[in-house]
2 protein chains.
Amino acid sequence: NDLNKHKIGPKIHKTTISILEELLKLNDDPRVHGVYLHLPPAALTNRVLNSLKPEKDDSLEGKTVLLVGGESPFRLVLQCLIERRGMVTAKSHWDSKSLEREVRCPHNGIVSVWLISCDVPSDLQISRAQTAKPVNHLAEEIGLLPEELEVYGRSKAKVRLSLLERLNSQPDGKYVLVAGVTPTPLGEGKSTVTIGLVQALSAHLNLNSFACLRQPSQGPTFGIKAANNLVAAAIDARMLHEATQSDKALFSRLVPSVNGVRRFSPIQISRLRRLGIIKSDPSSLSPEEVNSFVRLDLDPEKITWHRVVDTNDRFLRKITIGQASTEKGLTRETGFDIAVASEIMAILALADSMEDMKSRLGRMVVGTSRSGTPVTAEDLGVSGALAVLMKDAIKPTLMQTLEGTPVFVHAGPFANIAHGNSSVLADKLALKLVGEDGFVVTEAGFGADIGMEKFFNIKCRASGLRPNAVVLVATIRALKMHGGGPSVSAGAPLPTEYISENLNLVSGGCQSNLKKQIQNAQQFGVPVVVAINVFRTDTPAEIDLVCQLAKECGAFDAVPCHHWMQGGRGAVELAQAVKEATSKPSYFQFLYDLQMPIVEKIRTIAKRIYGADDIDVSAEAQRKIDYYHEQQGYSTLPICMAKTHLSLSHLPERKGAPTGFVLPIRDVRASVGAGFIYPLVGTMSTMPGLPTRACFYDIDIDPITEEISGLF
Amino acid sequence: NDLNKHKIGPKIHKTTISILEELLKLNDDPRVHGVYLHLPPAALTNRVLNSLKPEKDDSLEGKTVLLVGGESPFRLVLQCLIERRGMVTAKSHWDSKSLEREVRCPHNGIVSVWLISCDVPSDLQISRAQTAKPVNHLAEEIGLLPEELEVYGRSKAKVRLSLLERLNSQPDGKYVLVAGVTPTPLGEGKSTVTIGLVQALSAHLNLNSFACLRQPSQGPTFGIKAANNLVAAAIDARMLHEATQSDKALFSRLVPSVNGVRRFSPIQISRLRRLGIIKSDPSSLSPEEVNSFVRLDLDPEKITWHRVVDTNDRFLRKITIGQASTEKGLTRETGFDIAVASEIMAILALADSMEDMKSRLGRMVVGTSRSGTPVTAEDLGVSGALAVLMKDAIKPTLMQTLEGTPVFVHAGPFANIAHGNSSVLADKLALKLVGEDGFVVTEAGFGADIGMEKFFNIKCRASGLRPNAVVLVATIRALKMHGGGPSVSAGAPLPTEYISENLNLVSGGCQSNLKKQIQNAQQFGVPVVVAINVFRTDTPAEIDLVCQLAKECGAFDAVPCHHWMQGGRGAVELAQAVKEATSKPSYFQFLYDLQMPIVEKIRTIAKRIYGADDIDVSAEAQRKIDYYHEQQGYSTLPICMAKTHLSLSHLPERKGAPTGFVLPIRDVRASVGAGFIYPLVGTMSTMPGLPTRACFYDIDIDPITEEISGLF
């Protein structure tokens, strides 16, 4: 599953840079008005201090070089250096706070943050060594008005949707999707490529760009949890009230007399209309109409709505609720999912306005009545309250990369039972903000057969946006595994095939999985740039081979990337290839028409994207498909396959590009609010567990400095 | 229970004010530099427009009067008026945004917001009609440095605890507690008195003051939910892992070899020390030591930790978990509480630093082992992670009243199974910020017998702070009920006794409940000011009678308050009485010594505060008390009674000041992290339910304006 993905931050600037070389380069760059050296204590070795000696960098005249950081023994050394250099005007300025404020550059300049270290620092060290610019500065740089921003803390802000209206006539930028080959346990690095690419575009090629990422599962999803669990509480409370009250009692409570007047609420009027009752005076309803209005008559066996929690709590996978005596014996079996698996998360990611989100929330089906009618959140009366709970969540969160380029972090739906892409709204806002010549880079979960296919067929259909290019991320290691390399297991040392040159395995992976995934993108008419996320053990011959074979397989271009080591600088070649690819016309088309029967849509994906010979629909799945066919509007929904991400087939162990298999469709479900049908190919876990030694053993916080340890 | 309390906002400015009279008064007030008229559309009746006519208020020269608001037909009229008056310099200023910005007054001036309305506006209308000043302006006014503030949105900010250090040598202000007579279903209004009082002190008497309130249950508690449920997930996962693995397997997983090195984490070292094992090399542990280290051996029958959720979800009161096959048959019965009932909430409210919170979180007892040893959160290894999840929650949230005076909203523990008071940290920060001559007004949940008693014996003990005065809130209606008035039921019209003069009933309530609660405060050596929260139907004779009798019963003073109608102006008399009361020396003392046996502490509260003849301790309660007596540090904890708030006795129907009863102690529990023993007097519900027609039916949001309806 795709959960851990969310926890991996960008890994940038891992290289040991020659400070002198870098400073000289920056000195020649007319766009750079100042250089801000942030030196973590560990970086202040003799070697580094020597290279800072004034006599060695006379050429730096004209640039203000500020030095900040280091702990007491080093502070003194640095202070002396600064005084001798006259780099700061007054000694009293030696205070990191005031320096940080001064260091803000002229409006369009670049503040470069260079880390100097002799060891490879951890992600946490890198992150701490950087001082993020205040989010309101970032917002100003990218053209947001103060009233379009809602600042949360120092480095995050929600962006109001009114921006879309203001920039309505602004042409969109280029729209680039980052997808991957079929994932392996070794990790491919789609998120780091996404970040490296926008850093290269913005900070190195001087092109406006925006990254749009999925949000992590703990924390910012709280509106979703509250909304999801309100629906659940409303379901069970309603069943209790219906079981213990007469029609008349229910009606008089649901439509109470307030100061002598009885009135339906707007949400109740909507339910009446769905029931075909065109009346608005409560007293005019016939007893039969009252009965159908007050009784949802939910079938306890057919409630599909689960509660959610944000913790990996495996004991909540299957539970029995209602066992207190106050619930009068109305027990039933149900379960909790992890919060990101909620349909509300999928809705958040697909809605293109508050209004759209609200109506999707109202359409969510929570179960069926005993007579087989779908019961919706609006039938429960909660749709308005859900929209209120989600009113802040719908605004994308603005953050920044290590190099100060803008990022939207927004929505993180599951990539199996949902579509695994960040939000439509974040992409739309970003496309307006970057302008016609800019770039928005967004990422799809899992391999291209899942995340990319859903990006095109579900997300692009919902948004109306059309992609200009796909970046397909591959690693030498993953290609070797797809080419027939041995399996790996957590904790055990990597087999030698993965850490020494093996052109045979590389070639096998390119000719199978990489080739198929390139072709998958091409079926949608979108050019593909293959990005090789380079590891230290990869050899030049291996990298060259992938570049050559990828192009032979139809890629527009294929380039190695070194962003993990070097940040944006390491992804400049990729950025140039992407720029080139998007300058060509693209001929986007959907894979299937929505009017096709449900079974045909499933078959199309299985055969054309996965390479299956056919599909095998179980009786249960066929029964559901027939039921959905009868329900208005269900049969024209797009398909969201719930399949393992570890193989193009349904069998995780079959790497490469398997053929000769028939894809089993075990069951079929619907997320009517989100707007898709999801066929289940195998069992999908929607609640992870905790291992014996969970990572919480290492997590701690320093009560004084508030520094957190143990995260990476 | 005390939940709904949290949902009631301050009710201020409900009166129909003669605009002219008010403007003239303000004109004479040298502290007022400008008047900001905010006119909601509904207010723009002919009567109001007439009184705005220039010829009627010539005396307003010298003040800038700005008019903002109203919808199109009225805008024109107002604009004409403004132009004729020359009240704004340029016509182009007619734009609510720019006016709002201009209207900020010279630094110490008061911006008065006057609402003009012919009907009584709803709380929501009032709240919308006000434009809050940006929270960073407020922060500057009260003396916070920018780096001490973490802004969340436009009107809320977290305040960093480093402030305490900076203002370390600053003397504290006066510390005032708002408590109430024994609550009735009619509502007494402690929160509105708290707000009215600080508005009167700050905006009308020009004294620094701060209100400290409890936080509502939906939303800001998300750190608590996450932390609480992480503990729960860790408990069940641990039991599963212990049930399915050998000592050796557990040990090698709990203390894994990383790059060939095995090391205990600091959290594991703490557990070893508690077990009396003074070793730090994992390989040096004997098999017996490994066994005791790896096995918490939790008794599934004796796990006291519950999961929490933020929704009133009654079907989670009692559930069976672990029914999925992956959990291998380890099912058990447990339940969910509402989030605010978590011990973590009580800890948040009592901690006086990050360090203190962290060690309290580690001490929380989640259950006992089969051999009867308490098992703590630190034994589970989660204590550091819990502190990380709570790192933002521990910072008090700065907000403001309608009159722009500062408020801390922080922590909202239950008032029955916990102590029902807002946080120690908010009070401490506020006391420093107001300075020696300033006032901090904080509120205790339920009646004075519960909230105030716990404020003194638990919260003041934890904080070391000493109160200067108690404001005891009473209403004529509540006193009538305590004096023998008939019972009332929701929805039914109020009996005539409550809406027409009845001096007998008033007198009865004063001589019983009011008198006893005044005496309760006096037992702690703190002066009491009785605040009568005046309702429209109260007669002058009734109000006078309460004032007279309260003083006869020992109150320092007793005054009527009209803040609900008039805002701070209506509480000026109360503010003056409080100022007077706090100028006298106070002789605070605790009710009991911590060294007393647990039973004696309970008996002391029952007899001296509730007026019981004695207590009756059940066998189960006695067994627990004996067990706690054996556990180190448990027997010296203070007592947190879990008793009904509807009577001084344990019988909700006994109003006034009951005598001749013996208080039954059904069971006794401990919140070791929060630091109190809580005896159960009756059954306490920790999970409310949803009614047939929950308020969500009326809640909705306008997708364009984001205006929420249906809240009040």
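Modeller: In this predicted model, B:G276, with a positive phi near 80°, follows helix α11 of chain B; helices here are DSSP runs of H or I, at least four residues, numbered from the N terminus. Residues are numbered from 1 along each chain as its sequence is written, and chains are lettered from A in the order in which they are written. Local features need pLDDT of at least 70, side-chain atom pairs count only at pLDDT 80 or more, totals for chains, interfaces and linings use all residues, and side-chain values use heavy atoms, without hydrogens and water.

Helix α11(B) spans residues 266-274, and its buried residues are B:I267, B:Q268, B:R271 and B:L272; buried means under 20% relative accessible area (1.4 Å probe, protein chains only). These residues lie on the same side of α11(B), because they cover an arc of only 145° around the axis, taken from the directions from the helix axis to the C-beta atoms. The buried residues of α11(B) pack against α10 (247-254), α12 (287-294), α15 (377-380) and α16 (383-389) of chain B, where contact means heavy atoms within 4.5 Å.

A:K358 and B:D700 form a salt bridge through their side chains, at 2.8 Å from N to O.

Notes:
A salt bridge is a side-chain nitrogen of Lys or Arg within 4 Å of a carboxyl oxygen of Asp or Glu. Buried means under 20% relative accessible area, exposed over 50%, partly exposed in between (1.4 Å probe, protein chains only). Helices (H or I, at least four residues) and strands (E, at least two) are DSSP runs, numbered from the N terminus.
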